[in-house]
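Please look at the model before reading each solution.

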Amino acid sequence: MNGKPDYLLSRNTFGRLVFVANDGKVQEGVVPVRAFPITAPERDIALIDSHGRELAWIEKLSDLPDEMRKLVEADLAGREFMPEIRRIHEVSSFATPSTWYVETDRGETAFILKGEEYIRRLKPPSLLVTDSQGIHFLIRDRFALDHHSRRILDRFL
């Protein structure tokens, strides 16, 4: 994107994003969606209307004016709650379901892993762990975890 976008973004009184096209058409409830949330979170973001149609494409978040960029970042942060696991303290059992006690970038927590299939391999060396509540936990680099954490994780992979 070169220069200023040809649309406006704002937030209505209900906290929803409002998209105003250059022809004056207004769309409420617009949702930003990252194409590559793990590998390129600051690039390639689509603004999608309530019917799933793409309204605009943002190549780089930094291309947006500050006010619009903050609106998009806030909306993405609210929808993409994904703590990053930094250390695995212990697991209740190596059979599933098991309770995992972990340290994340947002603090200590425990969650239930229903089965090994809830650990998905992303682009190496990243993993995505989904707990019994559907919350995703990211392990950005499994090889960067400490030895104890890697030993536990290897038992499930």
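A charge sits over a ring if NZ of Lys or CZ of Arg is within 6 Å of the ring centre and within 35 degrees of the ring normal. This is a predicted model, in which local features need pLDDT of at least 70 and side-chain atom pairs count only at pLDDT 80 or more, while totals for chains, interfaces and linings use all residues. Residues are numbered from 1 along each chain as its sequence is written, and side-chain values use heavy atoms, with hydrogens and water left out.

**Exercise 1.** Find which residue lies over the face of F94.

Solution. The residue is R155, placed at 4.0 Å from the centre of the F94 ring.

**Exercise 2.** Classify the pair formed by the rings of F111 and F137.

Solution. Rings of Phe, Tyr and Trp (its six-membered ring) pair if their centres lie within 6.5 Å, and planes under 30 degrees apart count as stacked, over 60 as edge-to-face and the rest as tilted. The structure holds 5 aromatic pairs. For W100 and F156 the centres are 4.9 Å apart and the planes stand at 50°, so this pair is tilted. Turning to burial (under 20% relative accessible area, with a 1.4 Å probe and protein chains only), W100 counts as buried because its relative accessibility is 0%. The rings of F111 and F137 have centres 4.4 Å apart and planes at 20°, so they are stacked.

**Exercise 3.** Name the residues that ring pairs link into a cluster.

Solution. The cluster consists of F94, W100, F111, F137 and F156.

How values were computed. Buried means under 20% relative accessible area, exposed over 50%, partly exposed in between (1.4 Å probe, protein chains only).
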